[in-house]
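Thanks for passing this one along for a second look. Please have the model open beside you as you read.

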Amino acid sequence: MAEGASPRRIAVKVLERIENDGAFANLVLNATLEKSKLDSRDRAFVTEMVYGTTRMRRACDYTLDRFLHDEIEPLARIILRLGVWQIIFGGVPAHAAVSATVEIAPRRFRGLCNAVLRRISENPLTDWPSEAIELSYPDWLMVQLESDIGKQNALEMAKTMNEPALAVTRKDGYHQDLSSQMVAELAINGMRAGDSILDLCSAPGGKATLMASGEVWTVATDIRESRIGLVANNAEQLNIDLPLVVSDGCYPPFKPKAFNRVLVDAPCSGLGVLRRRADARWRITKEEIERLVLLQEELLLAALNLVAPGGQLIYSVCTVTSAETIELDERFRKKTGVQSCGPLPDPWRVHGEGGMILPQDLNSEGMAIFRYQVE
Ligand SMILES: C[S@@+](CC[C@H](N)C(=O)[O-])C[C@H]1O[C@@H](n2cnc3c(N)ncnc32)[C@H](O)[C@@H]1O
């Protein structure tokens, strides 16, 4: 990339990588910004453009397609989406959005970009054919959310997750969303100094480092060695002593009843954190959720064996699908006979026998949690 490339040019390069190579938005964006010479204001603008255009892709395409009669080159579509995002969602004055976007288009379709963006800025859309298109989610995902948490909750959740994520920093300097902090605090709530907790799916270590920062003896595992490296780095930076083990949580290398508590912060569909992962809504599938539920149940069953009598098993996910929360919880209790610990404190919403925070509740990530008393 040319030195001194403009924010919009850089945004287009990143969007091309996401679109054409299936690159993860956050990874390619961070790597590209690292190499750029942009100041912090321009970096923030590139981030907003890339995440915004990625999230609102469906709504941008719908807006564009009203004015396009033939299929266009993929690069032209990427540039046009970026223009539409600026005009409709990004709050960039239309004349600036149009001229600055046309300027970065290759000469061969500058005329097209100019004509289409001008028409869009002069004819703002007021009648969207569906909420899924207006809020820019796949149809199946809106249907799923509406059936799992109700239409009103689903719409508010979908809207909130189109906003940029808030940056929240813990007292020790670690960046961690509020609802994740609340899960970690609940997981160790009421434990005594010297009691032990295992974090079975711990990487990158947000919850483990919070739990280990007090008097509770915390051990962290994760299946992926590279991700355990992230936990190690985070613990080291925070100067926290945190024993780490690479292991498959379905076959944990510990004696039965070895811990007072076990936290299973399971791999999940991540529908509660879509605002942080701009491209995730276009990746996740129903089949993937079905696969994840099987893994979540296996992890819970393995974790239950590791809890000492009188202890607790805590299950959390950053999603709100019934399959990964209420339905799994019911099946797990029926299969094992364990009891829930009882209602959760405010501001957790009642979610079956567990609790849930929706993104719109605290302007945070969406989370669900279930706690079990082990006899
Ligand atoms: C939701 S993330 C955990 C986030 C972490 N607890 C935190 O607060 O930073 C889920 C993690 O589960 C790990 N994982 C996936 N399958 C696993 C398995 N079979 N055993 C253990 N960990 C697994 C993934 O590598 C991923 O790091």
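My notes on the domains, their interface, the ligand site and the salt bridges follow.

1. A word on the basis. This is a predicted model, in which local features need pLDDT of at least 70 and side-chain atom pairs count only at pLDDT 80 or more, while totals for chains, interfaces and linings use all residues. Residues are numbered from 1 along each chain as its sequence is written, and side-chain values use heavy atoms, with hydrogens and water left out.

2. Domains. The protein chain splits into domain 1 (7-122), domain 2 (131-160) and domain 3 (178-373), with bounds that come from an automatic or database domain assignment. Between the C-alpha centres of domain 1 and domain 3 there are 37 Å. Nine residues from domain 1 and seven residues from domain 3 make the contact (heavy atoms within 4.5 Å).

3. Buried area. Domain 1 and domain 3 bury about 780 Å² between them, with 54% of it on carbon and sulfur atoms. Buried area here is the accessible area (1.4 Å probe) that two parts lose on being put together, summed over both. On the domain 1 side, Thr54, Arg55 and Arg57 supply 55% of the area buried against domain 3, more than any other three residues.

4. Bonds across the interface. How many salt bridges does the rule find across the interface of domain 1 and domain 3? The count is zero, taking a salt bridge as a side-chain nitrogen of Lys or Arg within 4 Å of a carboxyl oxygen of Asp or Glu. The rule does find six residue pairs in polar contact there, both residues at pLDDT 80 or more. A polar contact is a pair of N or O atoms within 3.5 Å; within protein, one must be able to donate a hydrogen and the other to accept it, and residues adjacent in sequence count only if both atoms are side-chain atoms.

5. Ligand site. Gly206, Asp222, Arg227, Gly249 and Asp265 come nearest of the 19 residues around the ligand (a heavy atom within 4 Å). A backbone N or O atom of Gly206 sits 2.9 Å from a ligand oxygen atom, and a polar backbone atom of Gly205 is 3.2 Å from an oxygen atom of the ligand. For Gly249, a backbone N or O atom lies 2.7 Å from a nitrogen atom of the ligand.

6. Salt bridges overall. The whole structure holds 21 salt bridges. One of them joins Arg108 to Glu73, with the closest N and O atoms 2.8 Å apart.
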